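Please keep the sequence and the 3D view open as you read.

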Amino acid sequence: MEKYYITTPIYYPSDKLHIGHTYCTVATDAIARYKRLHGFDVMFLTGTDEHGQKIESKANEAGVTPQEFVDKIVEGERGVKDLWKLMNISNDRFIRTTDDYHVASIQKIFKKMYEKGDIYKGAYKGKYCTPCESFWTESQLKDGCCPDCGRPVVDAEEEAYFFRLSKYADRIRDLLVNTDFLQPRSRVNEMVKNFIDPGLEDLCVSRTSFTWGVPVDFDPKHVVYVWVDALFNYVTALGFMNDKYDDFDKGWWPGTNIVGKEIVRFHSIIWPAMLMSMELPLPKNVFGHGWLLLDGGKMSKSKGNVVDPYILAEKFGVDALRFFLLRTFPFGSDGNFSNEALINTINVDLANDLGNLVSRTTAMVGKYFGGTLPAGCAAPVAPMDCDADLKAMAQKLRDAYEANMETYAPHTALAEVFKVIQRANKYIDETAPWALAKDMEANGARLAHVLYNLLEATRICAILLIPFMPESMDKLFAQIGAAADIQTWDSAAQWAKLPETVTVTKGENLFPRIDAEKALAELAEAEAAAKKALLPDVEIEPYAEEKVDFDTFCKSDFRAVKVKACEAVKKSAKLLKFTLDDGTGVDRQILSGIHAFYEPEELVGKTLVAIVNLPPRKMMGQESCGMLLSAVHTEKGEEKLNLIMVDDKIPAGAKLC
Ligand code: ME8
């Protein structure tokens, strides 16, 4: 069996993954599943890229070690691995760049390039984009900011190791311009014009200003630049320079690297140059896919505009979500994500077109033939043009689909499949089985043939949909009575593989129609709740910068006061009126805007703290003499207030100091 190796980028576990990451992994999964269906021996790798300054800072902020921080996002509940399990991702291997075998391999790889003279020691002066972990030269900046993310960069200077990228410039240019290495072709020009033609400079490949990385073993104050560490995952995961696996020697490399467009630069320039240095074969190709945008911009946690794949998969089903992502957006270009588009695709393609085809056909086989078609139904009976048309389209489908899948165009492969599904639905209208059923004696054989043709067209489409919706297609095959041996790639190009006496089983509705209005409202609620859950549990006010001198502070007169009476101020939503015993024998009245937090009756009898030497003020026409002290903070985005209550043993009027 021919080997086929395919990879996704390895994800930064700096935050939870969003629908953009899911898109990339689902697309790669569909390609991997397609290749398996096609008879290839497939190795599909994904994983996580866990080193670097960004992770180190995030862990510090969270008060945990970097390893604890990444462990939680990768292995923890609803983490990276959970998400891929939920999305039915069929990866054969999962690499974490903190895995011991990978770390040891990176040290050997770095040393080998150093010993060869391709890595040398120098001093790094330049610009660094912390969120992207990217070094830039002045000329590469866009308006003084990081050309990838547009955020500000910082000056950086330190002793560092450099990789002789410049040495490989001509070979890289030739690779990009004269081969199909980088796809789609439209990405080549951008790389050549923006990065190669202005002159490839040597690349800084070590850092000394933080420690969360692979240490350079012969100079341990340096850690290996996170991109060198990350890119080599594609070969260390096969066992290159380690004993964990032996697949590298078994010929699994080279493979195909699927990556997002913003990291094409790393994969089409730096990655092949380092492989050249290591004298290793280059990837077969690198495909740079587009972004899922939200309101026209890239999703990112820092912008707060991420879509949670868990919410969508749980609400609409994993297969429907997988299908939507790949049916809707051309893989090589950007696309605008919206919940409306998702619901529309489910309703139109899955519920109306595919779902209806299956449920109408199986229902008719049930109603007119008791669930089992009669022998002889595969042979033409009273043929119409539409019979031949449907059959021809279904038989040609696999080739058209293959051509698109081979060029990383799953959306057009799916469009081809849906042309046949739509043709089959039209065929129902043209052949009008319900009219044939009126006279079974005269038309029963024709009716059986029509239904057989529909089941066959459905079977062929379903085979080609396996990579996109594996679970649903299993159910579909069970409903149309297609056994495993006729769910194969070969049988997708062959007509009349279903036995004539096929028995259908009317099962659950595979893709129920969605009430868009209701679903959108529920989604908005779920997304708001999810956003809220991400808010910090407790947020406190920043501390005052300005100092207050001691004498000024001492002028404030704080006293314990007892609540004799408390009532809401009429016509005010906020104000409560307190009658207080302040120890002077004369009642003190204070108004306080805390009705949102307390009901008046729960405060009577409590001992509170008030500042009593503020000048009186009028509020809603009533006088307030002083202010009650309370503690305020924010919890999950909501303001909270607690009155300061002190021990009831403290007498009214006691001074607080
Ligand atoms: O780049 N639409 O990791 P990452 C489509 N660790 N794809 C998106 C997307 C969106 N809105 N947002 C992110 C890294 N992605 C490196 C990779 S590989 C040796 C190292 C894609 O977690 C993005 O384009 O930031 C990238 O391909 C992948 O998710 C991982 O992004």
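## Ground rules and overall build

Helices (H or I, at least four residues) and strands (E, at least two) are DSSP runs, numbered from the N terminus. What you see is a predicted model, in which local features need pLDDT of at least 70 and side-chain atom pairs count only at pLDDT 80 or more, while totals for chains, interfaces and linings use all residues. Residues are numbered from 1 along each chain as its sequence is written, and side-chain values use heavy atoms, with hydrogens and water left out.

Let us start with the whole chain. Its secondary structure comes to 20 helices and 26 strands. Along the principal axes, the C-alpha atoms fill a box of roughly 110 × 80 × 40 Å. The radius of gyration of the chain is 34 Å, whereas a compact globule of 657 residues would have one near 26 Å. That radius is taken over C-alpha atoms, and the globule rule is 2.2 Å times the number of residues to the power 0.38.

## Domains and packing

Where do the assigned domains fall? Domain 1 covers 344–493 and domain 2 covers 550–643; such bounds come from an automatic or database domain assignment. The C-alpha centres of domain 1 and domain 2 are 75 Å apart.

Of the 657 residues in the chain, 52% are buried. Here buried means under 20% relative accessible area, exposed means over 50%, and partly exposed is in between (1.4 Å probe, protein chains only). Contacts, meaning heavy atoms within 4.5 Å, also tell us about the fold. Among those between residues at least 6 apart in sequence, 75% join residues at least 24 apart.

## Backbone features worth a look

Most residues other than glycine have a negative phi, and most peptide bonds are trans. With that in mind, which residues does a cis peptide bond join, with omega about -10 degrees? They are Gln183 and Pro184, and Pro184 sits in the loop between strand S7 (182–183) and helix H7 (186–196). Another cis peptide bond links Trp253 to Pro254, with omega about 5 degrees. Pro254 belongs to the loop between helix H9 (233–236) and strand S11 (256–260).

Positive phi values turn up in loops too. Asp143 has a phi near 50 degrees and is found in the loop between strand S5 (134–136) and strand S6 (154–163). With a relative accessible area of 79%, Asp143 is exposed. For Ala496, phi is near 65 degrees, and the residue lies in the loop between helix H18 (470–480) and helix H19 (516–534). Ala496 is partly exposed, at a relative accessible area of 38%.

## Salt bridges

Side chains of opposite charge can pair when their charged atoms come close. A salt bridge is counted here when a side-chain nitrogen of Lys or Arg is within 4 Å of a carboxyl oxygen of Asp or Glu. By this rule there are 37 salt bridges. One of them pairs Glu279 with Lys116 at 2.9 Å, N to O. Glu279 is in the loop between helix H10 (264–277) and strand S12 (285–289) and Lys116 is in helix H5 (residues 100–116), so this pair ties together parts that are 163 residues apart in sequence. Glu279 counts as exposed at 63% relative accessibility, and Lys116 as partly exposed at 38%.

Lys250 also bonds in this way with Asp246, their closest N and O atoms being 3.3 Å apart. Lys250 is partly exposed at 48% relative accessibility, and Asp246 is partly exposed at 41%. In the salt bridge of Glu638 with Lys640, the closest N and O atoms are 3.7 Å apart. Elsewhere, salt bridges that share partners join Glu50, Asp71, Glu75, Lys81 and Arg96 into one network.

## The surface

The chain exposes about 29,300 Å², of which carbon and sulfur atoms supply 51%. Accessible areas come from the Shrake-Rupley method with a 1.4 Å probe; for residues, only the protein chains shown count as cover.

Which residues make a nonpolar surface patch of about 390 Å²? Val538, Ile540 and Tyr543 do. Patches are made of residues with over 30% relative accessible area and no salt bridge: like charges are joined within 9 Å, and nonpolar side chains (Val, Leu, Ile, Met, Phe, Trp, Tyr) within 5 Å. Val538 is in strand S16 (residues 538–539) and counts as partly exposed at 49% relative accessibility.
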